[in-house]
Amino acid sequence: MAKRLDLKDVNIYYGAFHAVQDVSLVVPPNSVTAFIGPSGCGKSTVLRSINRMHEVTPGARVEGSITLDGEDVYGAGVDPVGVRKTIGMVFQRPNPFPTMSIRDNVVAGLRLQGVRGRSALDEVAEESLRGANLWDEVKDRLNKPGGGLSGGQQQRLCIARAIAVSPDVLLMDEPCSALDPISTLAIEDLIGELKKKYTIVIVTHNMQQAARVSDTTGFFNLEATGKPGRLIEINPTEKMFSKPDERATEDYISGRFG
Ligand SMILES: Nc1ncnc2c1ncn2[C@@H]1O[C@H](COP(=O)(O)OP(=O)(O)O)[C@@H](O)[C@H]1O
Ligand SMILES: [Mg+2]
């Protein structure tokens, strides 16, 4: 199996606290992998270790190996800023720069990289907004503030901003949990489009969403409070929701706990 991401024996700590234990998984290119499981079992922590956002927290560290297309994400001399460009992230609450224009929000990352030139930036802004299924809704108000958009539009703006820097992988941490059902469906449709170009890992609390959007589902769980979270099972989504290998997965999916 082609491996875009390969996590081997990943253990993740916040200072002395061991948050995640021995996670190994492979993410093939142009696929959607969903992480499900109860709160506090380390889904966000694993996601943030993949693009080195984890280490932004003081005292936080990662052991084990994480590679992107065979390259060690944590290798000596690898620039974490470059990693976060190649492995972009979309958060639970849409976080556009509220007073910045829609257009400038999209190209903010490119500007930071030193890209200049009105027409080059306009081109990327249009392409990214089209890629995020937002262009038609905003093309007549590109100079209006990003904060004036609805929640669902703001989330698609954040996706446009993430894809503007040409990532390989998009990490999404409960990207729909602050959105209404219609906006949620718009994002789910978009995820289906985005996987043609990108590789996606999404954390979701919504099991129907995992079933709808993902090819592979990983179930995380905690044995007990204070113990590290673990990846209990990862399998094709269809199998996870029909005939999972683990009893705990079945219990969680059928709503017996969590
Ligand atoms: N910045 C942090 N500092 C210390 N502990 C944290 C921090 N963020 C998360 N944790 C702890 O790590 C564990 C996993 O959290 P998290 O990855 O957010 O779980 P999930 O996303 O599955 O709800 C939890 O026990 C949580 O309290
Ligand atoms: Mg989380």
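How many nonpolar, polar and charged residues does the shell around ligand 1 have?

**Entry 1: basis.** I noted that this is a predicted model, in which local features need pLDDT of at least 70, side-chain atom pairs count only at pLDDT 80 or more, and totals for chains, interfaces and linings use all residues. Residues are numbered from 1 along each chain as its sequence is written, ligands are numbered from 1 and chains lettered from A in the order written, and side-chain values use heavy atoms, without hydrogens and water.

**Entry 2: ligand 1.** I looked up the shell by class and found five nonpolar, six polar and one charged residues. Here Gly counts as polar, while Ala, Tyr, Phe, Cys and Pro are among the nonpolar residues. A residue is near the ligand if one of its heavy atoms lies within 4 Å of it. The residues around ligand 1 include Y14, F17, T57 and K43. Of the elements, which are DSSP runs (helices H or I, at least four residues; strands E, at least two), α1 gives the most, with three residues.

I then looked up oxygen atoms of ligand 1. One lies 2.7 Å from a backbone N or O atom of G40, and one lies 2.8 Å from a side-chain N or O atom of K43. The protein buries 63% of the 560 Å² that ligand 1 exposes when taken alone (Shrake-Rupley method, 1.4 Å probe).

**Entry 3: salt bridges.** I searched for side-chain nitrogens of Lys or Arg within 4 Å of a carboxyl oxygen of Asp or Glu, and the whole structure has 18 such salt bridges. D6 pairs with K8 at 3.4 Å between the closest N and O atoms. D6 is buried at 8% relative accessibility, whereas K8 is partly exposed at 45% (buried is under 20%, exposed over 50%, partly exposed in between; 1.4 Å probe, protein chains only). A network of salt bridges links R103, D104, R111, R118 and D122.

Notes
A polar contact is a pair of N or O atoms within 3.5 Å; within protein, one must be able to donate a hydrogen and the other to accept it, and residues adjacent in sequence count only if both atoms are side-chain atoms.
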